[in-house]
Amino acid sequence: MIEILHKEDCCGCEACRQCCPHKCISMKKDEEGFLYPITDKTKCVECGLCERVCPVLNPYDEHLPISISAFTHSDESIRMNSSSGGFFTKIAAAIIEQGGVVFGVCFDDEWRVVHTYIDKKEKLSLLQGSKYVQSSIGDSYINAKRFLQDGVPVLFTGTSCQIAGLKRFLRKDYDLLYTMDVICHGVPSPLVWKDYLHSILSVSDIESISFRNKSTGWKNFSFAIRGKDNSILVEPFTRNLFMKGFLNNFFLRPSCYNCPSKKGKANSDFTVGDFWGVDKKHPELDDDKGISVVLINTTKGDVLYKSCGIEKKQVSYSDVVEHNRAMVASPYKEWYNTLFWYGFANKGVEAIDWLLNIKYKASKLKRLYYKIVVFYLRKFR
């Protein structure tokens with residue numbers, strides 16, 4: 001049976017809960033706002049299925065992509081409403097045209113981040129754009145399997161660990177299944193996200209949220225919230241409180257610091273993200289409106305890519321990974337990161353600036369220490 005002794009050993013994909021034939025696994029939220037499986041031992045028959053579908057216990061092998069391409073959507077409005085170049089929307093539209101369904105992440109009525117599925121192009125905008133919070137996966141794996149068994153094409157998108165969890169849950173390959181994971185920095189706490197939103201505006205008064213608003217450019221994107229009264233908050237990501245905490249790794253899921261699904265271990269058909277560094281490596285492709293980098297990982301993915309009539313703009317793996325370290329490396333957990341949850345319990349989201357101040361002072365002390373060491377080394381050598 002699944003028993004989580006160390007939180008870093010669970011990525012929260014919920015494959016174990018969804019696969020349990022006796023429904024004896026439930027998910028419980030911890031004090032950091034992340035869900036972990038709890039097994040009802042009175043119902044468990046110890047069949048071991050939950051352990052077999054766990055992507056942490058059973059990781060896929062590392063592998064390099066078949067090819068890598070840069071992509072920008074030809075529809076300017078789609079591109080501007082996408083986090084990068086709009087590749088997800090292009091492939092998702094193709095699947096829907098085949099009579100298929102697309103699984104992805106949207107906001108619910110209370111602006112929580114949840115997985116859902118759509119079967120109409122008009123609803124694709126719900127799934128567009130990055131949402132930097134761990135999504136609630138719900139019964140998405142179960143629903144995807146039902147569609148596949150009914151002969152319906154499925155595109156399933158999510159973080160690397162969610163895709164690995166889906167593939168382990170299914171336990172067999174489906175010709176009609178296409179998967180796409182995102183180059184992931186790590187998933188922030190839904191609890192911190194909820195607290196942050198409440199510090200800004202009542203959720204009932206929010207009209208829209210964008211983590212990657214391009215009104216200030218793609219590279220210098222902004223975080224934006226629009227209220228129903230047409231009020232709007234637009235802050236550069238370097239100044240927004242939530243984004244500062246996220247990018248400093250203060251409230252990521254513990255498993256993210258040692259991600260089990262980096263380096264192609266999601267076993268997905270596509271891996272997609274921002275082509276950071278394109279202005280240095282391929283400046284002719286950069287207009288600061290967003291460009292996707294697409295890792296085509298399987299022959300099936302390559303066939304779908306070509307069938308969409310997309311011109312391949314080949315780029316090298318080394319050019320991409322140089323400015324996209326999240327492809328191959330987990331975020332580093334600094335000593336001061338563990339202080340965040342102490343601060344959060346007492347200060348709420350204000351703990352972000354409190355901890356940033358500690359980090360700044362610590363870095364100044366560190367620089368002073370090295371200056372003193374260098375001074376004495378030179379003096380007495």
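## Aromatic pairs

Trp276 counts as partly exposed, with a relative accessibility of 24%. This value, like the others in this report, comes from a predicted model. Because partly exposed covers the range between the limits of under 20% for buried and over 50% for exposed, Trp276 at 24% falls in that intermediate class.

The count of aromatic pairs in the model comes to 31. Tyr132 and Phe211 make up one of them, an edge-to-face pair whose ring centres are 5.5 Å apart and whose planes stand at 80 degrees to each other. This pair links distant parts of the chain, since Tyr132 belongs to the loop between α5 (124-127) and α6 (140-149), whereas Phe211 belongs to strand β8 (residues 206-213), 79 residues apart. Tyr132 is buried, with a relative accessible area of 18%, and Phe211 is buried too, with a relative accessible area of 1%. Trp276 returns in a pair with Trp218: their ring centres are 4.7 Å apart and their planes are at 15 degrees, so the pair is stacked. Here again distant parts of the chain are linked, with Trp218 in the loop between β8 and β9 (222-227) and Trp276 in the loop between β11 (270-274) and α10 (278-281), 58 residues apart.

Arg212, which is within the range of strand β8 (residues 206-213), places its charged end over the ring of Phe221, 4.4 Å from the ring centre. Elsewhere, Lys145 lies over the face of Phe169, at 5.8 Å from the centre of that ring.

## The β8-β9-β10 sheet

Which strands form the open sheet that contains β8, and in what order? Three strands take part, in the order β8-β9-β10, and their pairing is antiparallel. From one strand to the next, the twist averages 5 degrees.

Between β9 and β10, the antiparallel pairing extends over five bridges, and the bridge partner of Ile225 in β10 is Leu233. Such pairing within a sheet runs through backbone hydrogen bonds, whether parallel or antiparallel.

## The β1-β2 hairpin

Strand β1 (residues 25-29) runs antiparallel to strand β2 (residues 35-39), and five bridges join the two. Within this pairing, Ser26 has Ile38 in β2 as its bridge partner. The hairpin has five residues between its strands, and Gly33 takes a positive phi near 90 degrees there.

## A buried histidine

His115 is part of strand β5 (residues 113-118) and, with a relative accessibility of 8%, counts as buried. Its side chain makes a polar contact, at 3.0 Å, with the side chain of Ser135.

## Cysteines

How many disulfides does the model contain? The count comes to zero. For Cys16, the closest cysteine sulfur is that of Cys13, and because the two sulfurs are 6.4 Å apart, they are too far for a bond, the cut-off for a disulfide being within 2.5 Å. Cys16 is buried, with a relative accessible area of 9%, and Cys308 is likewise buried, with a relative accessible area of 16%.

Notes. Residues are numbered from 1 along each chain as its sequence is written. This is a predicted model: local features need pLDDT of at least 70, side-chain atom pairs count only at pLDDT 80 or more; totals for chains, interfaces and linings use all residues. Side-chain values use heavy atoms; hydrogens and water are left out. Two strands pair if DSSP finds at least two bridges between them. Helices (H or I, at least four residues) and strands (E, at least two) are DSSP runs, numbered from the N terminus. Rings of Phe, Tyr and Trp (its six-membered ring) pair if their centres lie within 6.5 Å; planes under 30 degrees apart count as stacked, over 60 as edge-to-face and the rest as tilted. Buried means under 20% relative accessible area, exposed over 50%, partly exposed in between (1.4 Å probe, protein chains only). A charge sits over a ring if NZ of Lys or CZ of Arg is within 6 Å of the ring centre and within 35 degrees of the ring normal. Axes are lines fitted to C-alpha atoms, for helices over the stretch in contact, and angles run from 0 to 180 degrees between N-to-C directions. A polar contact is a pair of N or O atoms within 3.5 Å; within protein, one must be able to donate a hydrogen and the other to accept it, and residues adjacent in sequence count only if both atoms are side-chain atoms.
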